[in-house]
Amino acid sequence: MTSAPVPSGILESALYVDDLDKAEAFYGEVMGLERIAKVEGRHVFFRCGDGVLLLFDPAETVKPTKPDAKLPVPPHGAGGDGHLCFRATDAEIDRWKAHLEAHGIGIEADFHWPARGDEPNGGRSIYFRDPAGNSLEIAEPRIWGLV
């Protein structure tokens, strides 16, 4: 048996939102992401580092693809609040916290993760919500032992 190939990273991450206009304003204006695609009433996509954040109306993504569709993407989706974590340094997290609070966005948690193994500090995270209620986090990559 041969070993499975290992993906080099995550290309897309998806969240499901109940109001695409509010979500577009939040991720574009507050989070500063560049919008790269939009289909009114269905989705809006943003560039985020070397990946893409997909925001979908969950009622639209569960619909089967039409037989004559150019792209035969199968139905998919999720219900309820999701979670996404953005990477940042500790100093950047301080700036993010001040920026979010200036926009009236409450910080639900701000803490340092416990040390793991030889790491003297497990890294820092802050948590907050987008307009749809999704749990967002900005964290140092070292919470997962990454650089």
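Reply: A cavity here is a set of grid points where a 1.4 Å probe fits but cannot get out. In this predicted model, that rule gives a count of 1 cavity of 30 Å³ or more. The volume of the largest cavity is about 30 Å³.

Its lining is made up of L20, D21, K38, V39, E40, G41, H43 and V44. Helix 1 (20–30), strand 2 (34–39) and strand 3 (43–48) are the elements that each give two or more residues to this lining. By residue class, the lining of the largest cavity holds 3 nonpolar, 2 polar and 3 charged residues.

The strands named above belong to an open sheet of 4 strands, ordered 1-4-3-2, with mixed pairing. Strand 2 is an edge strand, as is strand 1 (12–16), and each of them pairs on one side only. On average, neighbouring strands of this sheet are turned by 20° against each other, with direction ignored.

Strand 3 pairs with strand 4 (residues 51–56) in the antiparallel sense, over 6 bridges.

Helix 1, which contributes to the cavity lining, lies across strand 1, strand 2, strand 3 and strand 4. Relative to strand 3, helix 1 runs at about 10°.

Key. Residues numbered from 1 in each chain as written. Predicted model: local features only at pLDDT ≥ 70, side-chain atom pairs only at ≥ 80, totals over all residues. Heavy atoms only, no water. 1 Å grid on protein atoms, 1.4 Å probe; cavity = no way out; pocket = protein on both sides within 12 Å on 5 of 7 lines; lining within 4 Å. Points joined across faces, edges and corners; volume = space filled by probe spheres on them. Nonpolar A, V, L, I, M, F, W, Y, C, P; charged D, E, K, R; others polar. Pairing = 2+ DSSP bridges. Axes fitted to C-alpha atoms, helices over the stretch in contact; angles between N-to-C directions. Contact = heavy atoms within 4.5 Å.
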